[in-house]
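Thanks for making time for this one.

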Amino acid sequence: MGGCMSGNSAYAFIEWNETRPKIITLFKEPKHKDPASCATFLKEQLQAHRVDAIAVDAPFSIPKKLIDPGFIPANREAQGEISNPYLFRYTDYWLYRHYGLRVMPPAGDRIGRLTARMIELLNHYEYNGKTIILKQQQTPIYEVYPKQIALALGYKPYKQEGEKILQTLGLDAVDDEHLLDAVLCSYCAYAISQGKSIHPPKEAEDEGWCYPLHLH
């Protein structure tokens, strides 16, 4: 999911199975002139299809230390900004610690608008930390990170390997890097339902968790 008016948000609705996944639709959000139109468009798309699970490349939360000064974060074995609980959540640190990935600060100037957009959407659909209410049903929704998903599939760097990645997943190539990210997110939602992810440790409770693809 890209910034509200960037035109970079991409979506993938895919029916996954172990042999032949089926693409229902792939599309990119058109550019909007104002955030209200952007939010309306996104809500309409979520209502357009019945889905078993949703995965989104966007932070679902900001560091808890920013909103709760009394919060005592878990110790972090790292130096530099990633160790700062005002900048990064424990899940951001965890991705760095285990995969060497450096995510952007969820409330920072480059990604803060995206985080705000995602939190607004979650609130609209009565997010409880695991699911949203979509078409009167509890629907699982996960924060994921395409770069980590590609890494777990054996691809680094991955933007140049899009065709190979999609072949690995049993799909035809797409001609847009944002659509590639959307496909990876969709696949990760399926993989999580198959138990191929690591669920939040106690250190990440109540702060948000970016579900990593874990194939081994």
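Is Lys 135 buried, partly exposed or exposed? Before I answer, a word on conventions: this is a predicted model, in which local features need pLDDT of at least 70 and side-chain atom pairs count only at pLDDT 80 or more, while totals for chains, interfaces and linings use all residues. Residues are numbered from 1 along each chain as its sequence is written, and side-chain values use heavy atoms, with hydrogens and water left out.

Now to the answer: Lys 135 counts as partly exposed because its relative accessibility is 29%, where buried means under 20% relative accessible area, exposed means over 50%, and partly exposed lies in between, with a 1.4 Å probe and protein chains only. Lys 135 sits in the loop between β4 (131–134) and β5 (137–143), and by elements I mean DSSP runs numbered from the N terminus, helices being H or I of at least four residues and strands E of at least two. Its phi is near 55°, which is a positive value in a residue other than glycine.

The structure holds 1 cavity of 30 Å³ or more, and the largest cavity contains about 30 Å³ of space. On a 1 Å grid over the protein atoms alone, a cavity is a set of points where a 1.4 Å probe fits but cannot get out, whereas a pocket is an open set with protein on both sides within 12 Å along at least five of seven lines, and lining residues have an atom within 4 Å of a point. Grid points are joined across faces, edges and corners, and a volume is the space filled by probe spheres set on the points. The lining of the largest cavity consists of His 49, Arg 50, Val 51, Leu 134, Lys 135, Gln 137 and Thr 139, which by class gives 2 nonpolar, 3 polar and 2 charged residues. In that classification Ala, Val, Leu, Ile, Met, Phe, Trp, Tyr, Cys and Pro count as nonpolar, Asp, Glu, Lys and Arg as charged, and the others, Gly among them, as polar.

Which residues have the most contacts inside the largest nonpolar core? They are Val 144, Leu 153 and Leu 184, in a core of 43 residues, a nonpolar core being a set of buried Ala, Val, Leu, Ile, Met, Phe, Trp, Tyr and Cys residues joined through side-chain atoms within 4.5 Å. Two or more residues each come from β1 (10–15), α3 (90–99), α5 (146–152), α6 (162–168) and α7 (177–193), and α7 gives the most, with 12 residues. A second, separate core of 19 residues includes Met 118, Leu 122, Ile 132 and Leu 134. Val 144 touches residues that include Ala 55, Ile 149, Cys 185, Cys 188 and Tyr 211, not counting residues up to four places away in sequence, a contact meaning heavy atoms within 4.5 Å.

Finally, some backbone and helix details. A cis peptide bond, with omega about -5°, joins Lys 156 and Pro 157, and Pro 157 lies in the loop between α5 and α6. Asp 206, in the segment after α7, has a positive phi of about 70° although it is not a glycine, and it counts as exposed because its relative accessibility is 67%. Thr 115, in helix α4, counts as buried because its relative accessibility is 1%, and it touches Pro 59, Ser 61, Ile 62 and Pro 106, again leaving out residues up to four places away in sequence.
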